[in-house]
Amino acid sequence: MTDLWQNAMDHAVALARKAGSVSVCLSFCLFIGEESVAAGEPCVLTDNPTWIVDPVDGTTNFVHGYPFVAVSIGFAVNRKLEFGVVYSCIEDKMYTARKGQGAFCNGQLLNVSDQKEISQSIIATEFGSNRDTEVVDKIFSSMRKILCLPIHGIRGVGTAATNMCLVASGCVEAYYEIGIHCWDIAAGAIIVTEAGGVLMDVDGGPLDLMSRRVVAANNKIIAERIVKEIDAFTPLRDDASTETED
Ligand SMILES: O=P(O)(O)O[C@H]1[C@H](O)[C@@H](O)[C@H](O)[C@H](O)[C@@H]1O
Ligand SMILES: [Mg+2]
């Protein structure tokens with residue numbers, strides 16, 4: 001019998017290696033990756049061309065055999081995303097977006113939902129991995145307030161990258177989370193905007209890729225409505241220990 005998970009892992013490894021080898025060819029490119037940062041490499045976004053890579057987004061899903069796992073590869077120049085690729089391995093869905101050229105899933109053009117009524121919306125979010133009771137209380141409080149607006153429902157597939165692709169596909173109106181990392185959302189961010197969506201911080205300001213807070217929505221009306229209900233908190237920034245002057 002085919003080993004589904006081995007296939008998924010092989011895809012993830014092959015994609016990550018490819019990104020790595022292109023990065024080596026283009027030696028002026030920098031690299032931010034979940035594993036490289038865990039190994040002590042810097043996590044700093046400069047104006048230089050930079051790969052922002054999560055080889056396995058949805059690690060807990062992967063470990064438990066919960067069938068949503070994605071490879072997430074973003075590429076930024078001058079701190080702006082140029083392109084993004086999210087491969088949802090088990091679903092065999094390849095999401096791609098190049099700046100100014102639209103977003104696609106397996107070659108099909110993506111468009112966000114045109115819903116403007118929060119009461120008719122599905123919102124994606126996650127419980128996250130932080131188990132501090134104060135943080136968990138804020139996460140539940142935000143979810144409670146959003147659910148009781150009311151909305152149609154709350155969903156979450158356990159990977160930020162895939163949740164963002166679901167916004168781009170029009171399956172959910174918005175996704176928000178506090179505590180994610182830049183490699184979880186970089187690729188998804190450009191996929192959302194190229195599908196016609198918007199990005200912002202959980203306080204309504206501009207998205208800061210390093211702040212570990214994100215709202216991605218089909219439009220500003222839905223995004224700003226959610227923002228009003230989020231009990232925001234401020235995790236340690238991704239670039240906290242590596243901030244530079246530029
Ligand atoms: O750590 P990985 O790369 O698997 O990804 C994270 C997810 O992307 C989050 O949405 C999710 O909430 C979790 O924090 C999860 O850890
Ligand atoms: Mg991740």
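This is a predicted model: local features need pLDDT of at least 70, side-chain atom pairs count only at pLDDT 80 or more; totals for chains, interfaces and linings use all residues.
First, the ligand. Ligand 1 is surrounded by 14 residues. Thr-59, Glu-126, Ser-129, Ala-160 and Asp-184 are the closest of them. By type, the shell has six charged, six polar and two nonpolar residues. Where does ligand 1 lie relative to domain 1 and domain 2? Residues of the shell come from both domain 1, 4-109, and domain 2, 118-227, so ligand 1 lies between them.

Next, the annotation. An unreviewed UniProt entry lists Glu-34, Asp-54, Asp-57 and Asp-184 under "binding site". These positions are spread over 151 residues of sequence, yet they cluster in space, with a largest C-alpha distance of 9.3 Å.

I will take two of those in turn, starting with Glu-34. Glu-34 sits in helix α2, residues 34-38. Is Glu-34 buried or exposed? Glu-34 counts as buried, because it has 20 C-beta neighbours inside 10 Å. Setting aside neighbours within four places in sequence, Glu-34 contacts Asp-54, Pro-55, His-181 and Trp-183. Asp-54 in that set is also on the UniProt list.

Asp-184 belongs to helix α6, residues 182-194. Asp-184 is buried because 27 other C-beta atoms lie within 10 Å. Which residues does Asp-184 touch, not counting those up to four places away in sequence? They are Asp-54, Asp-57, Ser-72, Ala-160 and Ala-161.

Terms used
Residues are numbered from 1 along each chain as its sequence is written. Chains are lettered from A and ligands numbered from 1 in the order in which they are written. A residue is near a molecule or strand if its C-beta atom, placed from the backbone, lies within 6 Å of it. Ala, Val, Leu, Ile, Met, Phe, Trp, Tyr, Cys and Pro count as nonpolar, Asp, Glu, Lys and Arg as charged, and the others, Gly among them, as polar. Domain bounds come from an automatic or database domain assignment. UniProt positions are given in the numbering used here, feature names are shortened, and annotations may be inferred rather than shown by experiment. Helices (H or I, at least four residues) and strands (E, at least two) are DSSP runs, numbered from the N terminus. A residue is buried if 20 or more other C-beta atoms lie within 10 Å of its own, exposed if 12 or fewer, and partly exposed in between; C-beta atoms are placed from the backbone. Two residues are in contact if their C-beta atoms, placed from the backbone, lie within 7 Å.
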